[in-house]
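Please read them with the structure open beside you.

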Amino acid sequence: MSAPNASELLAVMASRQLRDDTTVFAGVGVPLLAAALAKQRHAPRLTLVIEGGIIGPEIAPGRLPISTNEMRAGRRAQMLPGITDAFLFAQRGFVDVGFMGGAQIDQYGNINTTAIGDYWKPTVRLPGTGGANDIASLCREVIIVTAHEKRRFVPRVAFVTSPAWLAGDGARRAAGLLFGGVSRVVTTLGLLGFDPETKRMRIEATHPGVSVDDIQANTGFELGRAPTIETTEPPSADELEMLRALDPERRFLG
Amino acid sequence: MALVREVLRQRRRGLTLARNLTCTEGEFLMAAGAVERIVTAWMSIGLPWGVSKVMRHYVESGKVALEEWSHLALGLRFRAGAMGVPFLPALTMLGSDLMAVGGTKTLQDPYTGETLAAVPALFPDVALLHVHRADRFGNCQIDGYPHMDADIARAAATVVVTTEEIVSDEETRRHPDRTVIPGFLVDALVLVPFGSFPHECYGLYEADFDHFAEYTAAIDAEGPQAVAGYLERYAYAPPTFADYLDLFGGERLARQVRRARELTVDA
């Protein structure tokens, strides 16, 4: 079994965050791949929810969906409630985990997938929120899955597409968001979390062979440190084997 | 797609397009100069092809305004329209910069004082929809993903539907639970098999990803102006939708039908 590349490492580390008997709103790409791996490996009763309006699909190896609303995403689903109603399950509080990527993330976990520069005259226009804002607003807990690059980890995002802790210190609750918020950021270098008081991002674990300094050097703001910083277990042979079988075309694993 | 093709062929101008996920059809309408504004949650073609270069070109140059709402907020705008109420309270988008983009206001819950987003109703002038089957009275049935089509049909002033199949009144009555749009909402019904191709129709044909790859490859090579050539070939030149489908060929269509069955009926 060859050593994992960055996407494989990310998918395996992300999959370990998901627990059995929970519901997860999964974004297409590495988050969905990680959720499918978790379901196959250690969380058989994990219910996937996909924003195209899909509950409980079984993703077929080699037929990974490229968007949230196509037949591949809904294969062998248990329910197809439609887009609005799928999100209303989250608004009602039924979705345990939101699991998604992000173009740009700040020290309070807020994400920008909308635009760089002025909104109406952008320098770079990104595809937009899709359901990311709703997932970040309405799931009980949100886990971000992203490559760890300095240009992605910025002090303040140019545009808050998906709210996490906003400006910290009770800002989320004050805005009217009743629950949720980003609890974890899984990256290619380690696991990040948030200080329970300040809601600022901190290092909680490093992946094998990565130092705390490496993580700080690849981040555009000062990270806090958890009281104890763990080292994650490297991906096992069977995790990698299952993961590679899910994406034989290497559509998302690179 | 049959209806979008017709909008293009009629050389419409000054339109606002509202739909949650905007894909190639949005790029066509931008490139043809048909739309001034797109109201959406997300626009690109699909993850493997990255951020839409056509969208970036038209939005970054200020030629087309892209008004972004969250998926649920836009869904609730159609639902408010469908319900005939001016807005719906929601717990989404709060605290984000999306609130300001569409001018969404907050309101205080009159019972608890909690802050809510007041998502305004959207009443489209025209709804363009494609369904699996309809009868001669316009009663429409959709298999698989319902998307938001039932809400959109209720919210819109005029409803134009294309259908894969026209069935008898008896057939509708055999499965009334499958009817999601009653005939009294529908202003025009057109029989167009493969009417959403190269996009998918649940259970009937899979989206033609190879076609999207060819389309995006041309844009990568020639820039956004490649869409003009595409529109000439696929929208303006073929006089009928059957001529349009001939450009793909029966074998390609049959392959996509087979793939759809693998993912639904045989899965």
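**Notes on the predicted model**

1. Start with a loop in chain B. Arg11(B) lies between helix H1 (2-9) and strand E1 (15-18) of chain B, in the loop that joins them. The model is predicted. Arg11(B) is not a glycine, yet its phi is positive, at about 50°. Is Arg11(B) buried or exposed? Arg11(B) has 10 C-beta neighbours inside 10 Å, so it counts as exposed; the cut-off for exposed is 12 or fewer.

2. What is the burial state of Met93(B)? Met93(B) is buried, because 30 other C-beta atoms lie within 10 Å; 20 or more is enough for that label.

3. Next, a cis peptide. The bond from Phe197(B) to Pro198(B) is cis, and its omega is near 10°. Pro198(B) sits in a loop of chain B, between strand E15 (188-191) and helix H8 (209-222).

4. Now helix packing within chain B. Helix H2 (residues 24-31) and helix H3 (residues 53-60) of chain B have axes that come within 9 Å. Their crossing angle is roughly 40°. The crossing is left-handed.

5. Which residues make the contact of H2(B) with H3(B)? From H2(B) come Glu27(B), Met30(B) and Ala31(B). They meet Val54(B), Met55(B) and Tyr58(B) in H3(B). By class, this contact has five nonpolar residues, no polar ones and one charged.

6. A helix pair also spans the two chains. Helix H3 (residues 83-91) of chain A packs with helix H4 (residues 71-83) of chain B at an angle of about 120°. The axes of this pair are 9 Å apart. H3(A) and H4(B) are therefore oblique to each other; the roughly perpendicular class runs from 65 to 115. The handedness of the crossing of H3(A) and H4(B) is left-handed.

7. The residues behind that crossing are as follows. H3(A) supplies Ile83(A), Thr84(A) and Phe87(A). H4(B) supplies His71(B), Leu72(B), Gly75(B), Leu76(B) and Arg79(B). The contact of H3(A) with H4(B) holds four nonpolar, three polar and one charged residues.

8. How many residues of chain A are in contact with chain B? The count is 48 residues of chain A, against 53 residues of chain B. On the chain A side, H3, strand E8 (122-125) and helix H4 (132-138) each give at least two residues. By class, that side of chain A has 18 nonpolar, 19 polar and eleven charged residues.

9. Last, a proline in chain A. Pro4(A) lies in the segment before helix H1 (6-15) of chain A. Pro4(A) is buried, because 20 other C-beta atoms are within 10 Å; the label needs 20 or more. Leaving out residues up to four places away in sequence, Pro4(A) touches Leu9(A), Val12(A), Pro235(A) and Leu240(A). Pro4(A) and Arg202(A) are 198 residues apart in sequence, and their C-alpha atoms are 25 Å apart in space.

Definitions and conventions. Residues numbered from 1 in each chain as written. Chains lettered and ligands numbered in written order. Predicted model: local features only at pLDDT ≥ 70, side-chain atom pairs only at ≥ 80, totals over all residues. Axes fitted to C-alpha atoms, helices over the stretch in contact; angles between N-to-C directions. Helix = DSSP H or I, 4+ residues; strand = E, 2+ residues; numbered from the N terminus. Parallel < 35°, antiparallel > 145°, perpendicular 65-115°, else oblique. Left-handed = near helix turned anticlockwise from the far one by under 90°. Contact = placed C-beta atoms within 7 Å. Nonpolar A, V, L, I, M, F, W, Y, C, P; charged D, E, K, R; others polar.
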